[in-house]
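Open the model in your viewer and keep the selection tool at hand.

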2 protein chains.
Amino acid sequence: MKAKPIILKLGGSVITYKDKPSTPNNEAINQLAYEISKANVMPLVIVHGGGSFGHSFAEKYGINEGFKESSQMIGFSKTHQAMAILNKMVIEALINHNIPAVEVQPSSFVVTKSGRIKKMDTRVIEKLLETGFVPVLYGDAVLDSDKGFAILSGDQLISSLATQLSAKRIVVGVDVDGLHTSDPKKDKLSAKLIQHVTLKELKKMQPKISEATVTDVTGGMLGKINELIPAVEAGINVFIVNALTQDNVYKALKGQKVVGTIIE
Amino acid sequence: MKAKPIILKLGGSVITYKDKPSTPNNEAINQLAYEISKANVMPLVIVHGGGSFGHSFAEKYGINEGFKESSQMIGFSKTHQAMAILNKMVIEALINHNIPAVEVQPSSFVVTKSGRIKKMDTRVIEKLLETGFVPVLYGDAVLDSDKGFAILSGDQLISSLATQLSAKRIVVGVDVDGLHTSDPKKDKLSAKLIQHVTLKELKKMQPKISEATVTDVTGGMLGKINELIPAVEAGINVFIVNALTQDNVYKALKGQKVVGTIIE
């Protein structure tokens, strides 16, 4: 039997400064590369978000709304380019820590349908893993069979990859300690960390979000977690940890106890 | 009927300084982006070489000899990373000239067999072209089903793309005027430009290369052209021009007369 991979997500808010356009958090990127190298768990797939690199272009040109006018095309180019540049920075740090990391560009082989992955061709990723490489994917601007183009989020990617590759577990590194009862960045005193949540409990939490439609009381975390439900349903555990706290990602990769949210 | 694309190759010796490690020729890259923008021919696929970016790592780690020892793995990572960084520079220049250029990473969807492309999945490239984008591919370190990994040259890529996409013509931009009777860089006085060559004549020229095995009397040009034979056999004309001579690429894209070699 093939070894089951761990899927590690590095949030855009961790590896970039979200409020400064196209500004990487080099210190965090290097620290994470160090922790990944120290953990030395294989097979491993890394997926990173866009943070202030992809989001600003995607938003400016309305990429996720689909193809409406030709002026958006250069925006699609710029969005992918920004994501690819951020990916180069992440890969550079991983290589510097002697990790045989290899970019896998989502937009070169994934076409979504109304923004959703139908089925991903994971043959190259599987072959990279078998050879001993660490594939590194990222949220990307992709072609879409219904609306021309769309944004494929890193969260949708990890869920799809985890399911198709029968992942051992998913580790999601974010800039807060996990899922809270409200937004921990706004309600510093009242927001309580939910350390453990089952699929059943998670599904019960959904209506609260639907009522709010745009604003997610948890500060966006529940929206991210929603993407992971298919993976949890497939029996894959999800660990959400604060990747900016030293050694959290190292410990989570090793399967050690970390303050955070476990979904199982 | 779908419009037939032009395939433009930008040689590594054009867009980089071949004798300086990882040094782009920014002036040439910008001039070429300007000429491509001015020509405004669509549909268009661009493929670029590695020059001093990919070659040094590929050679150092023996990537094209296949997987022999685990120490090569980081070399595979570095080779792709170098190629992807060069690609970012080419795309940046194209975007600056308002060309909706989009990277298509060969190693993310092509697996060779003993260094050769069997069949490429060109669906994403075709969809990019239909939408009006300019896909930009490059020579890359790829996985190989027989030898673990291999180098997929830009020349093999353009031949394969041209055949599968039924290209209108192939324009190959190099740092000499075309195919010569001997190496124009070494034999400045005696090397004569072959302005026109048929497939039949080209095939007759082959034995001379086989005898020499390692050294190609034409300075490597015949080796490059060999890769293009399948495309020429499919009825696709090839124009080899000096891309460092101003307006050559512009004219060749437009189908205007340029000093160079025509293979038909």
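**The whole chain**

Chain A averages 93, and 94% of the residues score at least 70. Now select residues 209-215 of chain A: here the pLDDT is below 50, and beyond near neighbours in sequence the stretch has three contacts (heavy atoms within 4.5 Å) in the model. Where pLDDT is low, the predicted coordinates should not be read in detail.

This is a predicted model: local features need pLDDT of at least 70, side-chain atom pairs count only at pLDDT 80 or more, and totals for chains, interfaces and linings use all residues. Residues are numbered from 1 along each chain as its sequence is written, chains are lettered from A and ligands numbered from 1 in the order written, and side-chain values use heavy atoms, leaving out hydrogens and water.

Switch to cartoon view. Chain A has nine helices and 11 strands (DSSP runs, numbered from the N terminus: helices are H or I, at least four residues; strands are E, at least two). Its C-alpha trace spans about 50 × 45 × 35 Å along the principal axes.

**Zoom in: A:T112**

Select A:T112, in strand 4 (residues 111-112) of chain A. Is this residue buried or exposed? A:T112 is buried, with a relative accessible area of 1% (buried means under 20%, exposed over 50%, partly exposed in between, with a 1.4 Å probe and protein chains only).

Show its neighbours next. Not counting residues up to four places away in sequence, A:T112 touches A:I117, A:V142, A:L143, A:D144, A:S145, A:A150 and A:L152.

Notes:
pLDDT is the predictor's confidence in each residue, from 0 to 100.
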